[in-house]
Each structure stands twice: as C-alpha cells, then as structure tokens.
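Welcome, and please open the model in your viewer. We will go from stop to stop, with something to select at each one.

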Amino acid sequence: LLCGAGPLPRRAHNNMLRYIRDFTSANWADRFLSQLQEASREGEERTTSDELQFTTLTDAYTRTAHRLILVSLEGVLTRHCSLPELLSVPESLKHTLASLASVPGNMVVVKSQRSPATLGNVFSNCPELVLAAECGQIIRWSGEEVWERQVDGDLDRG
C-alpha cells in the first residue's frame, strides 16, 4: 500500500502504528486503575487523623456552657449508601443525640447532603435535633416541623 509513497505518508503510517501499539484498551485500563489506586491512597492519607481522646472531649464539654454539636449523617452516624431508603441510624444513637440536644445550652445539628424528606424520615422521632438537609441549604430547627430554605435563588451562576 505504501510502496513508492514518499516519506510523509510512510512517517504518518509508522506514527499511527506506534499509536495503536502503545494506546491499547489494556494499556488504558492499566493506567486508569493505577491512577485510581493512587487517588485512593491519597484520600486515605488525607482522611487519617488522630483519634480524639475521650478525656479531651469531656473536659471541653464540662468547661463550656453553650455547645454546638455538629455531626454528619453518612460516614459518621451511618455508612455511606447510594439509596436513601437504606439509611438507618440505630435507635440507641438517636436516643443519645436526643439526650444531648435536651441539655440546656446544647444544639445538636445533623447535616446531610440528602433531601429534607430523607433526613426527616430517618429522624422522624427526634424533634429536638436540628436537621440540615442538602448540605445546610434547607434546615428544620429544633422543635419545628417546617423546613426553611437558607439560600434563595439559583446557585448555579455558570
């Protein structure tokens, strides 16, 4: 096919052969998986932190009169899950959060990226908790039934 062709078509043909040989789906998959593993290792390094000592926590708690206790739903109170129907917080943990919230001077906020409906379902029997849905954009204050939008307008400014 390239017999008698000049040097440019031959060079282009050789470049394409090299490209096809070097950039196979197997090579792409190997590079992708190694980058994914590297990102996972970096993520683990970033999330590894020193464990909070119980005495440090209790000393700080007893020294203060007003406390804001902010906890994340997924990753702290429950495992991460893709379906909101699978979110489940043990009743004993809900009771502990409710007890903390009932102490004068305490405000316990459970934050989540989930919708108000999902967060409301999970904590339906905990009216003393402040629930912050959609990363705090919509809040149900302690003792209230109505959810309040904290941000007006369209946040996507492009």
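Is Phe32 buried, partly exposed or exposed? Select Phe32 in this predicted model: its relative accessibility is 41%, so Phe32 counts as partly exposed.

Trp28 itself is exposed, at a relative accessible area of 52%.

Next, select Tyr61 and Arg67. Here the charged end of Arg67 sits over the Tyr61 ring, 3.8 Å from the ring's centre.

Now switch to the cartoon view and find the sheet. Five strands make up an open sheet with mixed pairing, in the order E1-E2-E3-E4-E5. Colour E1 (67–72) and E5 (148–149), the strands at the edges. Each has a single partner strand, so one side of each is left without a neighbour in the sheet.

Where does helix H4 pack? Select residues 91–102: this helix lies on the sheet and touches E1 and E2 (106–111). The direction of H4 makes about 140° with that of E2.

For the last stop, pick E3 (residues 130–133) and E4 (residues 138–140). These two strands pair in the antiparallel sense, over three bridges. Zoom in on Ala132, and you will find Ile139 of E4 standing opposite.

Methods
Residues are numbered from 1 along each chain as its sequence is written. This is a predicted model: local features need pLDDT of at least 70, side-chain atom pairs count only at pLDDT 80 or more; totals for chains, interfaces and linings use all residues. Side-chain values use heavy atoms; hydrogens and water are left out. Buried means under 20% relative accessible area, exposed over 50%, partly exposed in between (1.4 Å probe, protein chains only). A charge sits over a ring if NZ of Lys or CZ of Arg is within 6 Å of the ring centre and within 35 degrees of the ring normal. Two strands pair if DSSP finds at least two bridges between them. Helices (H or I, at least four residues) and strands (E, at least two) are DSSP runs, numbered from the N terminus. Contact means heavy atoms within 4.5 Å. Axes are lines fitted to C-alpha atoms, for helices over the stretch in contact, and angles run from 0 to 180 degrees between N-to-C directions.
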